[in-house]
Amino acid sequence: MNILKSLTAASLMILIGCASNPDINREMQAINQALQKAQAATDFDTFSTHAQVFEEHVRAAASKAYSGSDAGARTYEAGMGELTVALTALDAALAAKDLEAGKAALEQCVALRKKYHLKLGV
Ligand code: HEM
C-alpha cells in the first residue's frame, strides 16, 4: 500500500513538473526572454534586435501543433492567429524605427498572452 502511495505521488510530481506541450513551452520561454529584453531596451537598435527574435519565436510557436483537447487546440490556433496579426503593428513600428510604437505593439501582445493563458489555464 505504501509503495502504491509513493508511486502515485511520484507520478503526480512527474505530471506537474512536465509541460504537456514541451515544444510550445520551449518557444514560450524564448518569446518571454526576448519580450523582456525588448521591453527593457532604451534605444531603437537594441529594441529592434530583441523584437525580431520575439517575432521569430512567435512564428515558430504558431507553427506548433497543440496537443490536448480539440477545443484547446482551436483556442491555441485562434490565439496564435491574433498574436500573428499583432506582429503587423510591430513590423510597422520596426520599419518606421519608432521605439514607442514598437513598445505599444508589444503591449498588445502581452494583453493577448493574458487573454489566452487564462482561456487555456496556463
Ligand atoms: C507575449 C506573449 C506571450 C508570452 C510572453 C508567453 C509566455 C509564456 C511562458 C513564459 C510560458 C511558460 C510557463 C511555464 O512553463 O511556467 C507559457 C506557456 C504557454 N503559453 Fe504562452 N506566452 C504568450 C502568449 C501566448 C498565447 C497567445 C498563447 C495561446 C495562443 C499561449 C499559449 C501557451 C501555452 C499553451 C503554454 C503552456 C505550454 C506547456 O507548458 O504545455 N501563450 N507562455
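These notebook entries record what I looked up in the structure.

**Entry 1. Ground rules**

I noted that the model is predicted, that local features need pLDDT of at least 70 and side-chain atom pairs pLDDT 80 or more, and that totals for chains, interfaces and linings use all residues. I number residues from 1 along each chain as its sequence is written.

**Entry 2. Overall fold**

I began with secondary structure, taking helices (H or I, at least four residues) and strands (E, at least two) as DSSP runs numbered from the N terminus. The protein chain has five helices and zero strands, and its pattern along the sequence reads α-α-α-α-α.

I then looked up burial. I call a residue buried if 20 or more other C-beta atoms lie within 10 Å of its own, exposed if 12 or fewer, and partly exposed in between, with C-beta atoms placed from the backbone. Of the 122 residues in the protein chain, 20% are buried.

For contacts, I require that the C-beta atoms of two residues, placed from the backbone, lie within 7 Å. Among contacts between residues at least 6 apart in sequence, 58% join residues at least 24 apart.

I describe two packed helices by the angle between their axes and the distance between the axes. The axes are lines fitted to C-alpha atoms over the stretch in contact, and angles run from 0 to 180 degrees between N-to-C directions.

I found that α2 and α3 pack at about 160°, with their axes 8 Å apart. That angle makes α2 roughly antiparallel to α3; angles over 145 degrees count as roughly antiparallel, under 35 as roughly parallel, 65 to 115 as roughly perpendicular and the rest as oblique.

The crossing of α2 past α3 is left-handed, a term for a near helix turned anticlockwise from the far one by less than a right angle, with clockwise giving right-handed. On the α2 side, the residues that meet α3 include I24, M28, I31 and L35; on the α3 side they include F47, F54 and V58.

I sorted the residues of this contact into 14 nonpolar, two polar and two charged. Here Ala, Val, Leu, Ile, Met, Phe, Trp, Tyr, Cys and Pro count as nonpolar, Asp, Glu, Lys and Arg as charged, and the others, Gly among them, as polar.

**Entry 3. F54**

I followed F54, which is found in helix α3. F54 is buried, with 24 other C-beta atoms within 10 Å. Leaving aside neighbours within four places in sequence, I found F54 in contact with I31, A34, L35 and A38. F54 and Q36 are 18 residues apart in sequence, and their C-alpha atoms are 9.5 Å apart in space.

**Entry 4. α3 against α4**

Helix α3 (residues 44–62) and helix α4 (residues 70–95) pack at about 155°, with their axes 10 Å apart. That makes α3 roughly antiparallel to α4. I recorded a left-handed crossing here. The contact is made by S48, A51, E55, V58, A61 and A62 of α3 and by M80, L83, T84, L87, L90 and L94 of α4. These residues divide into nine nonpolar, two polar and one charged.

**Entry 5. α4 against α5**

I found α4 and α5 packed at about 175°, with their axes 8 Å apart. The two helices are therefore roughly antiparallel to each other. Residues of the contact include G72, Y76, G79 and L83 of α4 and A101, L106, C109 and Y116 of α5. The contact holds 14 nonpolar, five polar and two charged residues.

**Entry 6. Loops**

K97 lies in the loop between α4 and α5. Its phi is near 55°, a positive value in a residue other than glycine. Most residues other than glycine have a negative phi. K97 is exposed, with 12 other C-beta atoms within 10 Å.

D98 is found in the loop between α4 and α5, and is partly exposed, with 15 other C-beta atoms within 10 Å. The C-alpha atoms of D98 and S48, 50 residues apart along the chain, are separated by 9.5 Å.

A65 lies in the loop between α3 and α4. I count A65 as exposed, with 10 C-beta neighbours inside 10 Å. The C-alpha atoms of A65 and I24 are separated by 8.3 Å, at 41 residues apart along the chain.

**Entry 7. Ligand shell**

I found 22 residues around the ligand, of which A19, N21, M28, G79 and R113 come nearest; a residue is near the ligand if its C-beta atom, placed from the backbone, lies within 6 Å of it. At least two shell residues each come from α2 (22–40), α4 and α5 (99–120). The shell divides into 14 nonpolar, seven polar and one charged.
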